[in-house]
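Below is a set of questions and answers on one structure, to be read with the sequence and coordinates at hand.

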Amino acid sequence: MTTTPVDLLSAQGLRITFPGRHGAEPARAVDGVDLDIRPGEIVALVGESGCGKTTLARSLLGLVPPTAGQVTFDGKPLDYRSRALKAYRKRVQLVLQDPSGSLNPRHTVYDAVAEGLRIHGYAGDERQAVHDALSRAGLRPPERFFLRYPHELSGGQRQRVVIAGALVLEPELIVADEPVASLDASVRGEILALLLRLRDELGLSALVVTHDLGLAWNIADRVAVMYLGRIVETGDVEQILTAPRHPYTQALLSVLPEAEGDPVVLTGEPPDPSRVPSGCRFHARCQVLASGEAERAGVADACRTQDLPVLAGGSETQVACHWATAKVAAGS
């Protein structure tokens, strides 16, 4: 009998609303999201800047309490009391995109990596734990880096120190927010290979937040594409990136260097999250609606007026798009 894998981290109906400025409507930064991450799985959360992906990630870390909905970890609802959050953050660690900003310039590499151990009152051999974390992060021999300062390291080495600082607590999940955005192309590949190796050797799960679908292709098992506070397409990485169904995903993929055909240029900026449009929230920028394809499919009015349901969590491929749904129904 086949058993269904238990999700390590799960968000159900997550909403995060920020008060509007100067009497404006509240900003719906995350507007109904279901998202699951399984043990040993890498999920890429992809979208333009301002789509809500960083706010969602911070909420999954317990840094931003949700306005509605629930986050569960290892089957238990996330407890936002300080002591419970401290224990949770030992199991779920954040890796930021800018290692220079993440590291205190006055701290040696040893102190930077040992900081988490000291915060959590680690009772074991601190030196050995720091040694092992640096080794796992690819800084070998570790002792050579103990007394160095961040300014003495390359960008890739600094990012490895940040990763070692997360690994030293032996987490089950890391949330990596644009983990290679500040690195050059050759070092990017090394850091992505490191994350894959950690997944394979340690069974480490990861949520990788990025605007780059090319990065998702190289590292993720599954992809969740986010637009204006919602997941609009999700599923297996190969399915999403070779046969994208949502026009927004198609547009994001079209600008990759290896993409065939002309890139899709999206008009305008994403709408203000305090003024989410009626109907499909992408319709004002949608190339399918602008080209008349949605009209020919008989869904143009629905695109403009009918909201789409929140996509359920899980591993199956899903899309929130009237046009894509009509294509499936028509067998095309």
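Predicted model: local features only at pLDDT ≥ 70, side-chain atom pairs only at ≥ 80, totals over all residues.

Q: Is E178 buried or exposed?
A: E178 has a positive phi of about 45°, although it is not a glycine. Its relative accessibility is 10%. The cut-off for buried is under 20%, so E178 counts as buried.

Q: Which unit do strand 7, helix 7 and strand 8 make, and of what hand?
A: Strand 7 and strand 8 pair in the parallel sense over five bridges, and L173 stands opposite S205 in strand 8. Together with helix 7 (residues 185-202), the two strands make a β-α-β unit, and its hand is right-handed.

Q: Which residue stands opposite V209 in strand 8?
A: Besides strand 7, strand 8 also pairs with strand 3 (residues 42-46). The pairing of strand 3 and strand 8 is parallel and runs over five bridges. Opposite V209 stands L45.

Q: How many residues of strand 8 are buried?
A: One side of strand 8 carries S205, L207 and V209, and the other carries A206, V208 and T210. Both faces are covered, with the residues on either side all buried. For strand 8 (residues 205-210) the count is six of six.

Q: In what order do the four strands of the open sheet run, and which strands stand at the edges?
A: The pairing in this sheet is antiparallel, and the order is 2-1-4-5. The strands at the edges each have a single partner strand, so one side of each is left without a neighbour in the sheet. These are strand 2 (27-37) and strand 5.

Q: Over how many bridges do strand 1 and strand 2 pair, and which helix packs on the sheet?
A: Strand 1 (residues 9-18) and strand 2 pair in the antiparallel sense over eight bridges, with A11 opposite L35 in strand 2. The helix on this sheet touches strand 1, strand 2 and strand 4, and its direction makes about 120° with that of strand 1. That helix is helix 1 (residues 53-60).

Q: How are helix 4 and helix 6 oriented to each other?
A: Helix 4 (residues 109-119) and helix 6 (residues 155-167) pack with their axes 7 Å apart, at an angle of about 30°. The contact is made by V109, A112 and V113 of helix 4 and V161, A164 and G165 of helix 6. The crossing is right-handed. Angles under 35 degrees count as roughly parallel, so helix 4 and helix 6 are roughly parallel.

Q: Which residues does a cis peptide bond join?
A: The loop between helix 5 (126-136) and helix 6 holds P141. The bond to this proline has an omega of about -10°. The residues joined by the cis peptide bond are R140 and P141.

Terms used:
Residues numbered from 1 in each chain as written. Heavy atoms only, no water. Buried < 20%, exposed > 50% of the residue type's maximum accessible area, 1.4 Å probe, protein only. Pairing = 2+ DSSP bridges. Right-handed = clockwise from strand over helix to strand, strands pointing away. Axes fitted to C-alpha atoms, helices over the stretch in contact; angles between N-to-C directions. Parallel < 35°, antiparallel > 145°, perpendicular 65-115°, else oblique. Left-handed = near helix turned anticlockwise from the far one by under 90°. Contact = heavy atoms within 4.5 Å.
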